[in-house]
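Begin by looking over the whole chain.

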Amino acid sequence: VLTLASIYHLFGPSALAETIVLVGLRALTIVSVYHLTFQISRSRLLATISGLFALALPAYLYYSRTHIGHPVAWLMFGILALSTQRWWLAGPCLTMSIMAHGTFILPVGLLISASIFTGHTPNSVKAWGQFLGFMALPWLFYEALGYAFTGILFEWTRGTIAWIFFYQRSFQQTDWMHVWETVRLANQSILSILLAASVLYPFVWRKKKDFGMCIYVTAWGVLGIYTVRAGLTHGRFIPRAIAGIYLVLAVLAVITLGEMLRRASQRIPKALSRKPAYRIAALLVSIAFVATFTPNLLALREFSRTAYPAVEAVFREAALHDQPVRYWGNQWAAIFFAKLYGVRVAIDDPDPELAALDTSAILVFDGDTLGMRSRLDSRADLYQVSTYPHFRSNLWPADTEIELPTSAMPGVTKRYQDGLKTTALEIWRPIQMSGTFTARDDRVKYVYSYMGKGCFTGPRYGYGTLNWYEVVWNKLLSVWRLKQ
């Protein structure tokens with residue numbers, strides 16, 4: 001939110017602007033991977049290979065294109081700043097990663113804890129003040145901004161805590177291998193084996209005051225905690241919760257395998273040159289990573305083909321004719337396009353009777369996760385129905401990623417992709433408009449509405465016309481006038 005708010009404020013809502021931001025963050029993240037590897041290994045060769053490995057990971061290629069790209073980037077920035085003892089920079093970066101996605105509170109907490117135990121924390125009161133003070137700044141700024149618009153004190157913090165408790169009470173059919181199966185399916189078997197090699201890091205790379213141990217405890221601690229939770233309690237597991245540690249595992253794996261390769265090259269007889277053998281092996285590994293990157297990128301391009309251009313066209317059409325939209329599916333897409341074009345919209349309302357009161361709105365079924373398409377099927381003759389091929393059903397993360405570890409992962413073989421079905425997006429345009437459009441809000445149940453203008457959240461006072469500070473200001477003015 002903090003990253004995109006200023007861009008949207010200056011240039012307006014734009015999917016292109018968000019894409020540009022994600023591309024920039026992705027580039028800086030890979031640079032951070034390079035520098036973090038060099039900071040630990042002091043080898044530019046291993047640092048280069050580490051960057052190539054990160055680019056070759058299908059899980060990172062996928063997540064870096066979504067909103068998860070933001071917390072992953074901020075986490076890597078924070079880790080790099082912590083390794084170089086830039087406390088004033090590490091604090092806010094780690095906070096931003098948590099605020100970008102609440103699941104990152106676990107890796108950040110483990111990272112700080114491991115840093116304390118290994119001596120990679122501030123060594124003076126002033127340094128601790130910098131670290132904690134700057135760490136609190138983004139959080140305080142965001143909470144102040146939220147309070148200014150909503151009048152709710154610590155809204156983000158309370159919402160995050162409520163989400164954590166909800167997550168802890170959620171269960172599904174998970175087992176001891178659930179997390180590891182997710183990692184394997186997300187990154188393909190060979191790359192997953194390379195990532196798993198990082199478990200040998202403390203036995204291979206033995207350096208005093210090694211910052212690598214901090215990130216080792218962080219990455220494997222996250223995997224261990226989620227594994228135990230899935231195995232013992234069958235707790236709900238969200239694959240994106242481990243998105244932040246893939247790059248950390250890549251760094252550790254490259255350093256571990258690089259050191260093992262260096263030691264193996266030392267066994268080559270002196271009559272033969274050792275350095276060229278080491279470098280040739282490193283070159284072959286780099287070529288393999290580049291060769292892996294290409295097909296994964298092509299698979300990701302195939303995954304990226306959706307029907308959202310048709311959705312945007314519908315919202316433009318609705319804005320042109322001052323027509324409302326009823327939307328079921330991805331609420332973020334509906335909110336974005338409604339705000340962009342100033343369209344009245346009702347989102348994810350599960351009440352079919354409310355939708356049947358009028359035929360003035362265009363109906364959009366984006367995946368039909370609520371089953372509204374079948375509930376309103378008897379009214380289909382009142383609409384002109386258009387169908388568009390949408391997502392590959394087993395690759396879309398919004399719903400199925402939470403239930404199955406196999407779902408939202410682009411790192412799959414071609415023969416698996418060939419067997420996937422494609423979901424359909426349906427757009428129903430009314431043949432004859434009648435009735436009055438009505439919409440309701442029930443945000444506890446994820447039911448939203450937007451009336452086509454103003455802020456989506458809307459002021460809380462004065463029947464949706466005043467923010468809390470305007471109420472206070474009007475009260476002060478009225479008291480001052482009475483004294484006059």
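Accessible areas here come from the Shrake-Rupley method with a 1.4 Å probe. By that method, the protein in this predicted model exposes about 24800 Å². Carbon and sulfur atoms supply 65% of that area.

Now the fold. The secondary structure comes to 22 helices and 6 strands. The protein has 484 residues, and 48% of them count as buried. Take the contacts with a separation of 6 or more: residues 24 or more positions apart account for 74% of them.

Next, the interior. In soluble globular proteins, nonpolar side chains tend to be buried together. The largest nonpolar core here holds 70 residues. Within this core, Ile215 and Ile242 touch the most other members. Helix H14, residues 246-265, gives the most to the core, with 10 residues. Look at Ile242 itself. Leaving aside residues up to four places away in sequence, Ile242 touches Val179, Val183, Val222, Leu223, Tyr226 and Phe237. A second, separate core has 24 residues, including Ala310, Ile362, Leu425 and Tyr448.

Then the rings. A pair of aromatic rings is described by the distance of the centres and the angle of the planes. The structure holds 14 aromatic pairs. One of them joins Phe336 and Phe337. Their rings sit 5.4 Å apart, centre to centre, with 75° between the planes. This pair is edge-to-face, because the angle is over 60 degrees. Phe337 has 9% relative accessibility; the cut-off is under 20%, so Phe337 counts as buried. Phe336 and Phe337 also belong to one aromatic cluster with Phe315 and Tyr327.

Finally, a charge over a ring. Arg44 lies over the face of Phe38, 4.4 Å from the ring centre.

How values were computed. Residues numbered from 1 in each chain as written. Predicted model: local features only at pLDDT ≥ 70, side-chain atom pairs only at ≥ 80, totals over all residues. Heavy atoms only, no water. Helix = DSSP H or I, 4+ residues; strand = E, 2+ residues; numbered from the N terminus. Buried < 20%, exposed > 50% of the residue type's maximum accessible area, 1.4 Å probe, protein only. Contact = heavy atoms within 4.5 Å. Core = buried A, V, L, I, M, F, W, Y, C linked by side-chain atoms within 4.5 Å. Phe/Tyr/Trp six-rings, centres within 6.5 Å; stacked < 30°, edge-to-face > 60°. Lys NZ or Arg CZ within 6 Å of the ring centre and 35° of its normal.
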